Amino acid sequence: MTTAPGRTGSGAEASHAATGHYRWIVVALLFTAMVINYVDRQALGLLKADLTAEFGWSETDYADLIFWFQCAYAIAYLAWGRIIDRIGSRFGFGIAFAIWQVGHMATAAATSFGGFIASRVVLGLGEGGAFPAGIKSVAEWFPKKERALATGLFNAGTNIGAIVTPLLIPALTLAFGWQMTFIITGLMGLIWLPIWVLVYRRPREHSKVSAAELAHIESDPADPVDKVPWTRLLGYRETWAYAIGKFLIDPIWWMFLFWLPDFLGKRHGLDLKTFGPPLVAIYLLSDVGSVGGGWLSSRFMKMGWSINRARKTTMLICALLAVPVAGASLASNLWVAVLIIGVATAAHQGFSANLYTLPSDVFPRSAVGSVIGIGGMLGAVGGMVFSKYIGGVLEDLGTYTPIFIVAASAYLLALLVVHILTPRMEPVKL
C-alpha cells in the first residue's frame, strides 16, 4: 500500500502505531451540521398552532407546506448526490448549506401561503444536499467496519437538533416573535459554513492525517475511480434495496418530525410553552437509537459476523422495537405515550444508520453519492405521499391511530425488501 506524499511508513508499520483520530473531527463537523439542519427543518412544526391561528391554515394546508418542502427535497437529493460525486463534499456541502440557510431565514418574510411555500421550497433544495454529502464524507474518511458507527454518530445530530428546537424556538418566539426567530437561528447557523470550508479535505490531501490513520482509512480494497452514470445505477438491485427501504421508512420520520407537536397538543393538551420536556425525552431516546444501532452492527462485525448478518440482525431488532408505536395514540398517559414514541424514534434511527451504510457497503466510493441521492429522492417522494395521507386522515377522522399503525409496520416491510433484493450484501461489480 502506498502512503500519501510527505508521509512515511508502510501499512504494516502503521498498524502497530497509534491510528490517529482526525477522522472523528470530520464526524463532529457533520454532527453539528445536522443539528442546524433539524433546527431549521423542525421550527415550522413547533409553530404550527400559532401560524395556523394567525393565517387560518387547515390540516391539508399544513400538509401541503410539508408536501412542497419534500417535493423540493426529493428533486434536490437526487441532484446533490450527483453534484457531490463530481465536485466533492467540501464545496458541495458548503453550497447546499448556504442555500438552506437562505430558505430558512426567508420564512421570516412570508406574509401569504405562497410565501411560506416558496421559503420551504428553497429550504428543501438546500437540505437535500446534507445527507448525500455526509454519507460521501463518511465513505471517504472511514473503512467499512466503522462506517455504521460514524454514520450513527453524525446522524445523532438530527436528534440533538430535534432536542434543541423545542427548547430554543419557543423561547425565541415568546421573546422576539416568530419572524425574528427564523432570522436569529439562521444567522447562528451560518457560523458553521466557513469552518467546514477551511477544515474539510479528503484524507490524502489533509496535512493533519498521519500515515497510520491514512492506512486505517484506506484498509479496505481499493475502489474503481471511474464515475458511474446514475442512470446505470438504476439497473442494480442493490440500488433499489436502498431506495425502496428509504421510501418506506423516511415518511415515518417526517411524520414524527412535523406532526409530533400537533399530536401532543391535540391528544395531551400541550402548547408552545409545554412541548419542551416530552419532545426532549423523545429525541434523547432517538439519540440512543442512532448511536446504538451503528454501534451494534459494528460490534457484531468485530465479533466476526459478515456485513450482511450484522446489518440485517441490527435492523430486525430495530424493526421489532418500532411495532408498539401502533398503540401510541391510545395511551391516555402523556409519559407512556412519550416512552412508546421515543422507543419507535430510537428504532427508526438505529434502522436508518444501518440502511444508510448499504450504498457504501456494496458500491465503490465513486458511486455512493449518486445511490444516496436516488434513495433520498424516493424517500422524499414517500414522504410527500404520506403527508397527503396524514392531512386527509386528520381532516376527515381527527385521529392519529391509522397513522401510527402504518408507522409500526413500515420497518419490517423495509427489511423484507432489503433482504429480498440484497440477500448477501456483496460488493457490486460495475
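Analyst: **A look inside the chain**

Start with the contacts. Take those in the chain between residues at least 6 apart in sequence: 85% of them join residues at least 24 apart. Keep in mind that this is a predicted model.

The chain has 18 helices and zero strands. Its C-alpha trace spans about 65 × 40 × 40 Å along the principal axes. What does the radius of gyration say? For 430 residues, a compact globule would come out near 22 Å; the chain has 21 Å, so the two agree. Buried residues account for 59% of the 430. The accessible surface comes to about 15,900 Å². Carbon and sulfur atoms hold 68% of that surface.

Now the empty space. Rolling a probe the size of a water molecule over the atoms shows where such space is left. How many cavities of 30 Å³ or more does the structure hold? There are two. The largest cavity has a volume of about 150 Å³. Its lining has 15 residues, and the closest to its centre are Y38, K246, D250, W253 and Y356. By class, the lining of this cavity has seven nonpolar, five polar and three charged residues.

Which helices supply this lining? Five of them give at least two residues each: α2 (22–46), α4 (59–87), α8 (144–176), α13 (237–268) and α16 (334–362).

Take α16, which contributes to the lining. S352 sits in helix α16. Its relative accessibility is 4%, so S352 counts as buried. Beyond neighbours within four places in sequence, S352 is in contact with N155 and I249.

Next is α4, another contributor to the lining. D85 lies in helix α4. Is D85 buried or exposed? Its relative accessible area is 2%, so D85 is buried. S366 is 281 residues away along the chain, yet the C-alpha atoms of D85 and S366 are separated by 6.4 Å.

Two further buried residues sit in other helices. S89 is found in helix α5 (residues 89–106). Its relative accessible area is 1%, so S89 is buried. Which residues does S89 touch, leaving aside neighbours within four places in sequence? The contacts are I84, G94, A133, K136, S137, E140, W196 and Y200.

G124 belongs to helix α6 (residues 113–127). Its relative accessibility is 0%, so G124 counts as buried. With neighbours within four places set aside, G124 is in contact with F69, A72, Y73 and A76. Its C-alpha atom is separated by 7.3 Å from that of A76, 48 residues apart along the chain.

M425 is in the segment after α18 (401–421). At 8% relative accessibility, M425 also counts as buried, because the cut-off is under 20%. Its phi is near 50°, a positive value in a residue other than glycine.

Notes. Residues are numbered from 1 along each chain as its sequence is written. This is a predicted model: local features need pLDDT of at least 70, side-chain atom pairs count only at pLDDT 80 or more; totals for chains, interfaces and linings use all residues. Side-chain values use heavy atoms; hydrogens and water are left out. On a 1 Å grid over the protein atoms alone, a cavity is a set of points where a 1.4 Å probe fits but cannot get out, and a pocket is an open set with protein on both sides within 12 Å along at least five of seven lines; lining residues have an atom within 4 Å of a point. Grid points are joined across faces, edges and corners, and a volume is the space filled by probe spheres set on the points. Helices (H or I, at least four residues) and strands (E, at least two) are DSSP runs, numbered from the N terminus. Ala, Val, Leu, Ile, Met, Phe, Trp, Tyr, Cys and Pro count as nonpolar, Asp, Glu, Lys and Arg as charged, and the others, Gly among them, as polar. The radius of gyration is taken over C-alpha atoms; the globule rule is 2.2 Å times the number of residues to the power 0.38. Buried means under 20% relative accessible area, exposed over 50%, partly exposed in between (1.4 Å probe, protein chains only). Contact means heavy atoms within 4.5 Å. Accessible areas come from the Shrake-Rupley method with a 1.4 Å probe; for residues, only the protein chains shown count as cover.
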